[in-house]
Amino acid sequence: MSDTRYFAEGPRTAIRPFTLGDADEFTARARESTALHRPWLFPPATPEAYAAYAGVLIEDPTKAGFLVCERDAAGGSGAIAGFININNIVAGAFRCGALGYGAFAHAAGRGLMGEGLELVLDHAFGPLALHRLEANVQPDNAGSIGLVRRAGFRLEGYSPDFLHIDGAWRDHERWAITAEMRRPRATGRVTAAT
């Protein structure tokens, strides 16, 4: 763990920004998770690729990257469980962004990404002042569809040949949520900071 400046903390996770110092852990987790990610996702697996990837998330104002970290029993943050990025952020009357995300194998199926996504949604619709978030998901990616469905996203349509992934144009379902759609919930959130 190279940075403890959290945007928000929940009972089991905390979200924080990407740093260049996270390269070793992030890339090791990506390599360990290849079987889980393929054919949907190709996160950076080398320090050089990570530096380019994280550098854009850190510097580009149209992107916001969040590492979802496990919290230990004492409330501290531990291993990187996954990541959630808001890409293509547009301000003005649109106030929208597109989500990209992935869990790492050691954290998959434990509900950590669901909690992390709720924290990111709070941040997106709070301090980032967005109105809408979209998630484009390949139709056979049941885990990813389940994640956004549980968070309250609605299915808005189907886009053939939408994104070029792994050498081919892939069909995607379009899921979205707006600030008004957020359902009241007991978050168990420990802190939230900007």
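Trainee: Why is Arg 132 called buried?

Mentor: Its relative accessibility is 16%. Buried means under 20% relative accessible area, exposed over 50%, partly exposed in between (1.4 Å probe, protein chains only). So Arg 132 counts as buried.

Trainee: What should I know about the model?

Mentor: It is predicted: local features need pLDDT of at least 70, side-chain atom pairs count only at pLDDT 80 or more, and totals for chains, interfaces and linings use all residues. Residues are numbered from 1 along each chain as its sequence is written, and side-chain values use heavy atoms, with hydrogens and water left out.

Trainee: What makes Glu 156 and Arg 132 a salt bridge?

Mentor: The N to O distance is 2.4 Å. The rule asks for a side-chain nitrogen of Lys or Arg within 4 Å of a carboxyl oxygen of Asp or Glu. The pair meets that rule. Glu 156 sits in strand β7 (residues 154-165) and Arg 132 in strand β6, 24 residues apart. Helices (H or I, at least four residues) and strands (E, at least two) are DSSP runs, numbered from the N terminus.

Trainee: How do you know that Glu 156 is partly exposed?

Mentor: Its relative accessible area is 31%, so the middle class applies.

Trainee: Which residues join Arg 132 in one network?

Mentor: Glu 134, Arg 154 and Glu 156, through salt bridges that share partners. Glu 134 pairs with Arg 132, with the closest N and O atoms 2.9 Å apart.

Trainee: Why is the pair of Phe 18 and Phe 26 called tilted?

Mentor: The ring centres are 5.8 Å apart and the planes stand at 50°. Rings of Phe, Tyr and Trp (its six-membered ring) pair if their centres lie within 6.5 Å; planes under 30 degrees apart count as stacked, over 60 as edge-to-face and the rest as tilted. So this pair is tilted. Both residues are buried.

Trainee: What do Phe 83 and Phe 104 tie together?

Mentor: Parts that are 21 residues apart in sequence. Phe 83 lies in strand β4 (residues 77-90), and Phe 104 in the loop between β5 (96-103) and α4 (112-125). Phe 83 is buried at 2% relative accessibility. Phe 104 is buried too, at 0%.

Trainee: How many residues does the largest nonpolar core have?

Mentor: It has 33. A nonpolar core is a set of buried Ala, Val, Leu, Ile, Met, Phe, Trp, Tyr and Cys residues joined through side-chain atoms within 4.5 Å. Helix α4 gives the most to this core, with 8 residues.
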